[in-house]
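Okay, everyone, let's get started. Have a look at the model on the screen, and I'll talk you through a few spots.

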There are 2 protein chains.
Amino acid sequence: MRVGTGVGLLISMLAALCPAAAHADEGMWLFSNPPTGIIKEKFGIGLSPQWLEHVQKSAGRVSTGGSASFVSADGLVMTNHHVGMPALADLSTPEIDLLETGFYAKTRELELKCPNLEMNVLWEVEDVTEQVKSAAPPGMPPADAHAERRETISVLESEYEKATGLDCQVVTLYGGERYHLYQYKRFTDLRLAMAPEKSIAFFGGDNDNFEYPRYALDVCFFRVYENGEPYHPQHYLSWSKTGAAEGDLVFVAGHPGHTQRHATAAHLAFMRDVEMPVRMRDFWRREVQLQTFSARDYEFARIADGHLTGIQNARKAYTAISAGLQDPLLMNRVAENEKRIRAAVEANPEYKTHWGGAWDDIAAARNHYREFFLRHRAGIHSTLFGIATHLVRLAEELPKPSAERLPEYTDANLDALYSGLYSQSPIYDDLEIDQIACDLSNMVETFSGDDPFVKRALGDLSPRARAESLVLGCTLMDVSVRKALAEGGAKAIAASDDPMIRFAADLDPDFRAWRKKCEDEVEAIERDAYARIASARFAIDGERVYPGATFTLRLAFGTVTGYSEGGSLVSPFTTFQGLYERAEARRGQKDYALPERWLKRKSRLDLHTPLNFVCTADIAGGNSGSPVINEDAEVVGLIFDVNAPCLAHYIAYADDDGRAVAVDVRAIVEALGRVYRAKPLVAELLAR
Amino acid sequence: MRVGTGVGLLISMLAALCPAAAHADEGMWLFSNPPTGIIKEKFGIGLSPQWLEHVQKSAGRVSTGGSASFVSADGLVMTNHHVGMPALADLSTPEIDLLETGFYAKTRELELKCPNLEMNVLWEVEDVTEQVKSAAPPGMPPADAHAERRETISVLESEYEKATGLDCQVVTLYGGERYHLYQYKRFTDLRLAMAPEKSIAFFGGDNDNFEYPRYALDVCFFRVYENGEPYHPQHYLSWSKTGAAEGDLVFVAGHPGHTQRHATAAHLAFMRDVEMPVRMRDFWRREVQLQTFSARDYEFARIADGHLTGIQNARKAYTAISAGLQDPLLMNRVAENEKRIRAAVEANPEYKTHWGGAWDDIAAARNHYREFFLRHRAGIHSTLFGIATHLVRLAEELPKPSAERLPEYTDANLDALYSGLYSQSPIYDDLEIDQIACDLSNMVETFSGDDPFVKRALGDLSPRARAESLVLGCTLMDVSVRKALAEGGAKAIAASDDPMIRFAADLDPDFRAWRKKCEDEVEAIERDAYARIASARFAIDGERVYPGATFTLRLAFGTVTGYSEGGSLVSPFTTFQGLYERAEARRGQKDYALPERWLKRKSRLDLHTPLNFVCTADIAGGNSGSPVINEDAEVVGLIFDVNAPCLAHYIAYADDDGRAVAVDVRAIVEALGRVYRAKPLVAELLAR
């Protein structure tokens, strides 16, 4: 129910059912189906099974939505500062803000345990496609088939967990053409070892984000503990003392979150013409309204800061994706490839029978979706409204058997739900009012002030007056009130005269109806159709096809190389020298002030040390924190961003100026040693 | 063709066919039909014909889109700094920026002649309703009738100009129920006498604009010359030494630009549901895109500054109007009043025959307009595209007789057109590219990337690539190229291979077609219907009805009084003390830094001097620069802004917290004397 903040973007953005004529360095490959042939052919290098297993088991997925890797024999984990940020915020107090001060534990005893941080390492993969597919007999309506498969998946997961003691999740690949059961080693005791100040980790702020050249030390280190002792991983990545050079082949092992590369031309046209315009509009509106809100008062600016940063970040990413969708060259390329596959399907009677209608099914589903897309998207982005809606839905869902509930209310998900619902995080009346008024205005503008649903939402008041009456009369700031309502069930909800509860209870049947309509009449049809398209592609293009991103472990490869922008060449590396120059050029501007110790200790640094670099590896949001490694599996960098052209790879990879952006390991060591005086940490990283 | 800047807003925004049950201080009254009865009744004060003539002839309309008044026997004219700003910018050089430094001419010889500034003073008014109305026989189709009336108006204006030597313009009042011929004395030699720094004139910037309390010295002085000598006006306003006090009756004589108070409920619903959502969306988009543009570079920020300020200003104003439209209370009030009038019309057979269908005609026209509103609104906001379009249209229009051309190309308007077309103002490639790319993206999002018009506009390129190719290949930066194309006519246009000319020539037939469709099928119908509604209102409510704003001289009245906001009372006056306190509280924030001499000379000022004040007078954009006077016609203030609730008065005046905001004359005198050491100017103002 809440607008995503920067953290939410970790997995929400950026890279994959690729066309057969794969582009140069395209692909987010499964470790179970790696691009060994391509690498051998192009670079003359073989990836051994041992190499692959070693990299796979050194890489991890972090619960805040990013990637990470083991980088020492004593369980040291490296990830981005922005991936660790929620943990840093949790560990901060009103007196000590770790985002401002940074942190370094001089001894292991001083490492800080993170209450809500987890890491998962992929241990084994099992193909369970047959079991899942056979759960739904052919001809079953798509929505029912989906329910049957979900049931089977749930059973498989439980069985494997019992058998292996690992965390088991079935991953839907190729839009439902394949199902793999992933078994994870789960680590729940992570302790903060070192984090620089946010001002150097996020140097340049939102302005430089998705741009290049960059100058950010976006790194932090945690240590994994088991049974109160540092964990000694079987596999961890060695540190490269020389780093990467221009032209080097590199690999990225991480967890790209989501891509739309499998989307049909009709689906992309829907995104371009219907979905993106609405999303962009909402970003623009909210960005301007939050800026106006922030301008009223310094305190208002503080409480809106996270929301504003999150929206600006998402707006920037979606702007780049929209630019891709609006580029006829890109859209024509997708259409041409689709035409080729469809022609091959039409030419084979058996193919045609099985898969021929899939593209038209998607086009029809999207056309149908156009009719109610705006209704389905409507909502109220407010913490209090989110809480009220959860309470109303809990009362309705809990009496049902777990399997029949909305997924977020199943027994397996209730812990997470309650932990959010009973969170003591502060709620700000003014911001709540501003958000609700904004969304109510949006409803008037979208559906008309005379629309019956809108009239009910407004209750004969103006959007702002309505928002004020809902928030100022709301009792849900008090966690004990939430608990009482959750425990009181349907009876307590019906008896409550809290205005926000009444508001949520009144609107929720509509929200639920639109959601169900979308699930049944769009998503179910498309899931089925996309699985058929994937089957067609396997049949026509063979096994050299990688699946769309699913926030599971993938291997990408590329070369360290610059690109041209506006006619001039952008060098692949930046240096500390460049950092200090940019700080000077942008003096006085928000997000460009260096931490005090970076100013004081400048003279100690080798200013020619490479700070950030770019490569062509195919990545996406969720890859934040991924190690960049060389052919010897040594870490040479740490992914933390992409440049703007790379964002459009969300819909189609291109041999263009899109680049992944990484922190150079040489900068990390230089800064740890000379700015943070973290010699033991440096020694641990460099040890073999 | 160009996005309005702050200056464009002077007349584009804010305050009238009012309901009979007029609210307390409602009304923008004609000097030819002043509210003498209301004033007498409410305040016990009579407005004599001499008083009215004196005030009328002391007031002026400035060519930059604001109001002004004569305030000395030697032709000194007072207006707002923001009204004079284009002239100040014209007078600035790369070496001396008058907006930054301010200006004061110690002697008259040092006053600076403004190349493009004019002032008009309303001298006589003649009712020509009969002549104009009789030009079109009853039953003629609305569009034809409109053309006939325009022809008659043009003849009347020429005849009267010849006869009087004055500048003559027929003003359409009450939506076409009345036509008045206004005769203006025109002054073209205005010289800058004094202007403070922009940082004190626009203290608080866009953040404080449309807010209160305010602390701005938004004033500047010009002197009118005739034949090289200071002009000695027959009428000028005396300066009040005591200013106004809380509760005082005050008057405002100025030129409100535009209001929609006559709009029917169906028309307002159209504004709420169709027009405003699109306008707001465009503001948000452009504001965010210009901010992103500005963040790239300090030079980019400088060239985008005017556009950004203009958009933020307009966005703020339209936000308040939208809030009014989205308020069911306001909309119900309008609907109730409309119901009353319609019932009275229905009850009288003769009324019903003449006027009964007017409301339904408007509803039908607006419904029809919904079908092509977005097409009609589409456009490219670029200086180069605007120039190219003018050149293309000139080639098409000039061969026609003047009366048959689009209005902006008639002989009477050609001088103004050429002066804009051949302007040497700088054009910035980067900003042009950004604007065109933005508008092309907007077209894709509005009409789909597969729309034939959009495909033509894009020419198989992405919006940005298309914009780059149009701008970087354009030759129209060179004024001599424009002149050659204008003089070469249709042949030169057809032969030109300038990409912007080809682009404009290709798209213009569509833009013209949508414009004509709107003029013929919406505006003509509505003009006719609104005139009938006005007749009905006169018949039912009598002559105590004021017309909607038309950027012509009006008289408003009100009292100096505070209001409540969020439960606490806002005092009507602010002081210099408050100014210094706000500057301190907002230290370091853009637009809150005081000029050096204000800091240095603080101790000389009486800090209790009133700086700004508010009153209930009914004003609108265009009133900027209007004198606020007391019952003795002495100046007590200078209108420069309204607060946010007042902005919604654009559609309906309400006895709410809406206020006009003025500079206090006591602050002007105190600042002139003690900060600017402009003793002669003070003496001139205070002389009787």
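Pro213(A) sits in the loop between helix H9 (205–208) and strand S10 (220–226) of chain A. When I say helix or strand, I mean DSSP runs, numbered from the N terminus: H or I with at least four residues for helices, E with at least two for strands. The peptide bond from Tyr212(A) to Pro213(A) is cis, with omega near 0 degrees. Chain B has a cis bond joining Tyr212(B) and Pro213(B) too, with omega about 5 degrees.

Quick word on what you're looking at: this is a predicted model, where local features need pLDDT of at least 70 and side-chain atom pairs count only at pLDDT 80 or more, while totals for chains, interfaces and linings use all residues. Residues are numbered from 1 along each chain as its sequence is written, and chains are lettered from A and ligands numbered from 1 in the order in which they are written.

Back to that loop between H9 and S10 of chain A, because Phe210(A) lies there as well. Phe210(A) isn't a glycine, yet its phi is positive, about 60 degrees. Is Phe210(A) buried or exposed? It's buried, with 22 other C-beta atoms within 10 Å. The rule is that 20 or more other C-beta atoms within 10 Å of a residue's own means buried, 12 or fewer means exposed, and in between is partly exposed, with C-beta atoms placed from the backbone.

Over in chain B, Phe551(B) has a positive phi of about 55 degrees, and again that's not a glycine. Phe551(B) is in the loop between helix H22 (499–541) and strand S14 (554–559) of chain B, and it counts as buried, with 22 C-beta neighbours inside 10 Å.

How many residues of chain A are in contact with chain B? It's 29, and they touch 28 residues of chain B, where contact means C-beta atoms, placed from the backbone, within 7 Å. H10(A) gives the most to chain A's side, with 10 residues.

Definitions and conventions:
Contact = placed C-beta atoms within 7 Å.
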